[in-house]
Amino acid sequence: MDIVYIRDLEINTIIGIYDWERQVRQTVSLDIEMASDIRRAAQTDDIQYALNYKAVSKRIIAYVEARDALLVESLAEEIAALVRDEFNVPWLRLRLSKPGALRGARDVGLIIERGDKPA
């Protein structure tokens with residue numbers, strides 16, 4: 001199994017349960033690791049056989065910017081489903097955080113894994 005990844009993708013969105021959070025855009029940050037077999041892309045040097053991380057990133061950004069989520073849990077599940085369904089990714093690990101959401105901590109968030117990890 002090979003992994004294509006995106007690190008520290010920052011997106012501004014409405015997220016949170018408190019009234020003030022519903023009024024301002026906050027930054028969320030994500031790391032995503034996606035299972036992909038890169039051999040055919042490497043052999044042909046052709047993007048059509050690769051998991052296009054730019055396309056994945058643009059799709060996630062568009063979705064998150066338009067989404068108005070209450071919980072990071074909901075947003076993480078939705079991003080995972082979107083990537084798996086739209087980009088045919090069998091397994092992924094997603095870290096989603098809200099930098100500055102908790103006084104005294106750099107960030108808070110969660111890590112999820114979805115799908116079957118290829119051998």
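**View 1. Residue classes in the lining of the largest pocket.** In this predicted model, the lining of the largest pocket comprises 11 nonpolar, four polar and three charged residues. The pocket holds about 320 Å³ of space. Its lining counts 18 residues. Gly16, Tyr18, Glu21, Lys98 and Ala101 lie nearest the centre.

**View 2. Secondary structure around the largest pocket.** Three elements each supply at least two lining residues: α3 (72-86), β4 (91-99) and β5 (107-115). Strand β5 gives the most, with three residues.

**View 3. The second largest pocket.** About 210 Å³ of space lies here. The lining is made up of 13 residues. Nearest the centre are Ala35, Ser36, Asp37, Pro90 and Pro118. By class, eight lining residues are nonpolar, two are polar and three are charged.

**View 4. Asp8, a non-glycine residue with positive phi.** The phi angle of Asp8 is about 50 degrees. Asp8 sits in strand β1, which spans residues 2-15. Its relative accessibility is 44%, so Asp8 counts as partly exposed.

**View 5. Asn88, with positive phi in a loop.** Asn88 is not a glycine, yet its phi is near 55 degrees. The residue belongs to the loop between α3 and β4. Asn88 counts as exposed because its relative accessibility is 68%, and exposed means over 50%.

Definitions and conventions:
Residues numbered from 1 in each chain as written. Predicted model: local features only at pLDDT ≥ 70, side-chain atom pairs only at ≥ 80, totals over all residues. Heavy atoms only, no water. 1 Å grid on protein atoms, 1.4 Å probe; cavity = no way out; pocket = protein on both sides within 12 Å on 5 of 7 lines; lining within 4 Å. Points joined across faces, edges and corners; volume = space filled by probe spheres on them. Helix = DSSP H or I, 4+ residues; strand = E, 2+ residues; numbered from the N terminus. Nonpolar A, V, L, I, M, F, W, Y, C, P; charged D, E, K, R; others polar. Buried < 20%, exposed > 50% of the residue type's maximum accessible area, 1.4 Å probe, protein only.
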